[in-house]
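Reader: I'm new to protein structures and would like to learn how to read one. Could you walk me through it?

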Amino acid sequence: MEQKGIVCVEVVYNYEENRCRGILLVLLFSYRQDKPIPPFWRKEKGDSMQYKPLYNGKKLPVIGLGTWKIGGQMTPDYSHDGEAVALVRKAIEMGYSHIDTAQMYGGGHTEEVVGRAIKPFNRDDLFITTKIWSNNLRYDDVLREFDTSLKKLDTDYVDLFLIHWPNPTIPLKETFRAFNEIVKSGRVKYVGVSNFGIKQLKKAQALSDIPIAANQVEYSILTRDPERTGLLDYCRENKIILTAYEPLGKGRVFYNGDLQRIAAASGETPARLALCWLIRKPGVITIPMSSKVEHLSENLKAADLDLPAEIMEKLDGLGHV
Ligand SMILES: NC(=O)c1ccc[n+]([C@@H]2O[C@H](COP(=O)([O-])OP(=O)(O)OC[C@H]3O[C@@H](n4cnc5c(N)ncnc54)[C@H](OP(=O)(O)O)[C@@H]3O)[C@@H](O)[C@H]2O)c1
């Protein structure tokens with residue numbers, strides 16, 4: 001973080017005594033603050049976040065930050081970098097500490113935005129997840145692309161490294177040979193998968209040298225596949241965190257009349273209800289995305305919400321109509 005200022009020196013010269021009589025020195029300085037910013041936000045707001053344990057007890061915040069569309073979609077968009085970096089920084093200051101990104105987001109540029117955004121913060125206070133795209137699951141590709149992700153994120157390690165989508169044309173054994181090597185090098189703390197069904201998940205578990213920590217899948221109040229297929233139960237039984245992506249259905253939840261009515265009757269917002277419903281599920285965390293500071297703040301507050309059982313029941317009913 002750059003601090004700006006001026007250096008001002010005033011010299012009072014005494015002609016009679018032919019020497020300087022006084023010097024007034026005002027020092028405001030300009031320097032680059034390379035030290036990480038301490039996690040002051042936790043002290044200020046108290047840490048109202050709730051956490052779920054990974055298989056080894058490490059705690060993950062129930063609400064993390066999604067980054068799809070930040071820095072572009074399928075291709076890089078450099079035109080809003082200043083705002084994008086500021087948004088992610090604002091989110092961290094607000095209390096987001098798990099940031100979910102991917103090699104594919106913004107054609108690789110989203111990782112760069114995240115890398116720039118996290119720079120002033122203490123790296124160990126953050127939990128960074130990134131994902132390798134399904135075309136890059138060959139052994140050499142994994143090693144190369146992982147290095148690229150580290151460079152873009154401008155960090156020495158990734159907390160959680162995921163396979164973004166399964167690719168049936170590339171043997172999973174080959175992918176995990178590379179994953180295991182990266183884990184051994186200490187540059188990844190946890191590994192996981194995304195969009196894997198139970199069968200593929202079992203294969204991954206058998207091939208990984210360390211336990212599969214998470215499976216990131218689509219799950220929301222309106223999209224209940226993980227419940228229907230038994231994936232949620234399987235993850236719980238195996239201490240695999242289920243990370244719910246598209247928790248707001250990419251905005252679709254806001255058009256659901258029943259949810260709007262429950263929100264109006266309970267004095268809550270549809271976003272908070274939808275997120276709270278998810279994170280009250282054992283073994284589930286989520287990663288909503290927003291480009292607006294007020295939405296980021298609203299979403300974060302879902303962690304504080306204490307919903308009465310009858311509202312939870314009504315919300316539960318929404319996905320089964
Ligand atoms: N592993 C995978 O295959 C996969 C797939 C999809 C997504 N993901 C991850 O999951 C994250 C979340 O999914 P997503 O971004 O696709 O969808 P999402 O979080 O369900 O929805 C994002 C949309 O909801 C709006 N929104 C957010 N908070 C809101 C609020 N409080 N009030 C009103 N509108 C609100 C946002 O608009 P505004 O910007 O206007 O707030 C945005 O259009 C992604 O960012 C990504 O990190 C992973």
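Author: Let's go from the whole chain down to single pairs of residues. Keep in mind that this is a predicted model.

Reader: Okay, how many helices and strands are there in the chain?

Author: You'll find twelve helices and 14 strands. The chain has 321 residues, and buried ones make up 38% of them. Also, among contacts with a separation of 6 or more, 74% are between residues 24 or more positions apart.

Reader: Which strands form the open sheet, and in what order?

Author: Eight strands do, and the order is β7-β8-β9-β10-β11-β12-β13-β14, with parallel pairing. Next, look for the edges. Here they are β7 (65-66) and β14 (284-286); each has a single partner strand, so one side of each has no neighbour in the sheet.

Reader: And where do the side chains go in a strand?

Author: In a regular strand they alternate between the two faces of the sheet.

Reader: Let's zoom in. What joins β9 to β10?

Author: Four bridges, and the two strands run parallel. One of the partner pairs is Ile-132 with Ile-163 in β10. To get from β9 to β10 the chain goes through α4, and this β-α-β crossover is right-handed.

Reader: Where does α4 lie?

Author: Across β9 (127-132) and β10 (158-163), and α4 runs at about 140° to β9.

Reader: Is β10 mostly covered or mostly open?

Author: Mostly covered: six of its six residues are buried.

Reader: What about the other neighbour of β10, strand β11?

Author: Five bridges link β10 to β11 (residues 188-194), again in parallel. Phe-161 sits opposite Val-191 of β11. With helix α5 (residues 172-184) between them in the unit, β10 and β11 make a right-handed β-α-β unit. Further along the sheet, β12 (residues 212-218) and β13 (residues 241-245) pair in the parallel sense over five bridges, and Val-217 faces Ala-244 in β13.

Reader: How do I read two helices packing, say α3 and α4?

Author: Check the angle and the distance between axes. Helix α3 (residues 109-118) and helix α4 (residues 139-153) pack at about 40°, with axes 7 Å apart. That angle makes α3 oblique to α4.

Reader: Which residues make the contact?

Author: From α3 they are Glu-111, Glu-112, Val-114 and Gly-115, and from α4 they are Ser-149, Lys-152 and Leu-153. Sorted by class, this α3 contact with α4 has two nonpolar, two polar and three charged residues.

Conventions
Residues are numbered from 1 along each chain as its sequence is written. This is a predicted model: local features need pLDDT of at least 70, side-chain atom pairs count only at pLDDT 80 or more; totals for chains, interfaces and linings use all residues. Axes are lines fitted to C-alpha atoms, for helices over the stretch in contact, and angles run from 0 to 180 degrees between N-to-C directions. Angles under 35 degrees count as roughly parallel, over 145 as roughly antiparallel, 65 to 115 as roughly perpendicular and the rest as oblique. Two residues are in contact if their C-beta atoms, placed from the backbone, lie within 7 Å. Ala, Val, Leu, Ile, Met, Phe, Trp, Tyr, Cys and Pro count as nonpolar, Asp, Glu, Lys and Arg as charged, and the others, Gly among them, as polar. A residue is buried if 20 or more other C-beta atoms lie within 10 Å of its own, exposed if 12 or fewer, and partly exposed in between; C-beta atoms are placed from the backbone. Two strands pair if DSSP finds at least two bridges between them. A crossover is right-handed if, with the strands pointing away from the viewer, the path from the first strand over the helix to the second runs clockwise.
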